[in-house]
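Grab a pencil and work through these exercises one at a time. Try each task yourself before you read the solution.

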Amino acid sequence: MTSLLILNGPNLNLLGQRQPEVYGKTTLAEVEAMCLAKANKTGCTVYFQQSNHEGDLVDTIQAARGIHDGIILNAGAYTHTSVALMDAISSVQVPVCELHLSNIHAREEFRHKSYIAPVAVGQICGFGPAGYALAIDAMLCHLSELSADA
Ligand code: DQA
C-alpha cells in the first residue's frame with residue numbers, strides 16, 4: 001500500500017489558536033483526522049508528524065527514504081529560510097509536495113521565496129486545511145504516473 005508522510009514544521013502545532021484570521025480555526029489534530037479519513041477513502045497509509053526543529057525535520061526527511069513513497073511537507077517558516085531542508089529533499093529519492101494553508105504569494109514578500117519549491121514536485125497553497133486532502137490526491141496522482149512510466 002502506498003505510504004505517505006505528512007510532515008509539518010514549526011508553529012503548526014498551534015494551528016487553531018495561532019492567527020486564526022490567517023490559518024483558520026481547525027486544529028492540527030483535526031487536520032490529521034481529515035488526512036486519515038482521506039487515506040481510508042483513497043486506500044493509502046498516512047503518517048502524520050510535526051516538529052518545531054529544523055534538524056528534526058531533516059532527520060525525518062532522511063528517514064523517509066525507502067519507507068515512504070511520498071512526502072507532503074508544510075515546512076512553515078523554514079520554507080523561506082532552510083537550505084538544509086532543500087538539501088535533505090534533494091538527497092533522498094522521495095517525491096515531495098510542498099503545502100501551505102495560506103497563499104504565501106499573496107502575503108509578505110519574504111514569504112514569496114520558497115527553498116522547497118525548486119526541489120518539490122509541486123506546490124499547493126491557499127486552500128486552508130482542505131489543502132492537505134488535495135495534496136494527498138496530488139501525490140497519489142503523481143505516484144501513479146511514475147509507476148505507469150516505469
Ligand atoms: C505556512 C506559511 C508560512 O509562511 C508560515 O511561516 C507558516 C505557515 C502556511 O501553512 O500557510 O508557518 O506554511
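**Exercise 1.** Work out whether Tyr 132 is buried or exposed.

*Solution.* Start with the cut-offs: buried means under 20% relative accessible area, exposed means over 50%, and partly exposed is in between (1.4 Å probe, protein chains only). Tyr 132 has 1% relative accessibility, so it's buried. Now do Phe 48: its value is 17%, so Phe 48 counts as buried too.

A quick word on the model: it's predicted, so local features need pLDDT of at least 70 and side-chain atom pairs count only at pLDDT 80 or more, while totals for chains, interfaces and linings use all residues. Residues are numbered from 1 along each chain as its sequence is written, and side-chain values use heavy atoms, leaving out hydrogens and water.

**Exercise 2.** Find how the rings of Phe 48 and Tyr 132 are arranged.

*Solution.* First, the rule: rings of Phe, Tyr and Trp (its six-membered ring) pair if their centres lie within 6.5 Å; planes under 30 degrees apart are stacked, over 60 edge-to-face, and the rest tilted. That rule gives one aromatic pair. The centres of Phe 48 and Tyr 132 are 6.4 Å apart and the planes meet at 40°, so this pair is tilted.

**Exercise 3.** Say which ring the charged end of Lys 113 sits over.

*Solution.* Check the test first: NZ of Lys or CZ of Arg must be within 6 Å of the ring centre and within 35 degrees of the ring normal. For Lys 113, the ring is that of Tyr 115, with the charged end 4.5 Å from its centre.
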